[in-house]
Amino acid sequence: LVDRGHPMRTPLAALAGQQIGIALAALAAAFFLELGVGGRHRVFIGALCIIGFTCLAKLSALVSKISVENHWAVSLACGSREELAQLNGQLRRIDLSCKIMAPMVSGF
């Protein structure tokens, strides 16, 4: 579903979703700060709106990241299946090494 169209369609749509989510979260925060605290329901609805819009922005950022990561590896391999397999293996090793080493390095 994600990779059926033009390679830039998904990252651009995700970027738009991210920007819209951030803008809506900021507008919701400004709106509820302007109204002031009126009651429990108003605070709950305001927090729910801000958290929901922020989740939309975070999800869109993740979709964009995954889409770009998938496309740039294929572009680097120049259509060669052997080079793509080798590149994917190297990228996975780098990624896993960083995930393992980061907590150890940051602990010192």
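This dialogue explains how to read several features of a predicted model.

User: Which conventions apply to this predicted model?

Analyst: Residues are numbered from 1 along each chain as its sequence is written. Local features need pLDDT of at least 70 and side-chain atom pairs count only at pLDDT 80 or more, while totals for chains, interfaces and linings use all residues; side-chain values use heavy atoms, with hydrogens and water left out.

User: How are two packed helices described?

Analyst: Two packed helices are described by the angle between their axes and the distance between the axes. Here, the axes of helix H1 (residues 9-35) and helix H2 (residues 40-77) come within 8 Å and cross at roughly 165°. H1 is therefore roughly antiparallel to H2, a term for angles over 145 degrees. Helices are DSSP runs (H or I) of at least four residues, and axes are lines fitted to C-alpha atoms over the stretch in contact, with angles from 0 to 180 degrees between N-to-C directions.

User: How many disulfides does the structure hold?

Analyst: A disulfide is a covalent bond between the sulfur atoms of two cysteines. The criterion is a pair of cysteine sulfur atoms within 2.5 Å, and the structure holds zero disulfides. The closest cysteine sulfur to that of Cys55 belongs to Cys49, 12 Å away, which is too far for a bond.

User: Is Cys78 buried or exposed?

Analyst: Buried means under 20% relative accessible area, exposed over 50%, and partly exposed in between (1.4 Å probe, protein chains only). Cys78 is exposed, at 67%, whereas Cys55 is partly exposed, at 47% relative accessibility. Phe31 is also partly exposed, with a relative accessible area of 49%.

Key: Helices (H or I, at least four residues) and strands (E, at least two) are DSSP runs, numbered from the N terminus. Angles under 35 degrees count as roughly parallel, over 145 as roughly antiparallel, 65 to 115 as roughly perpendicular and the rest as oblique.
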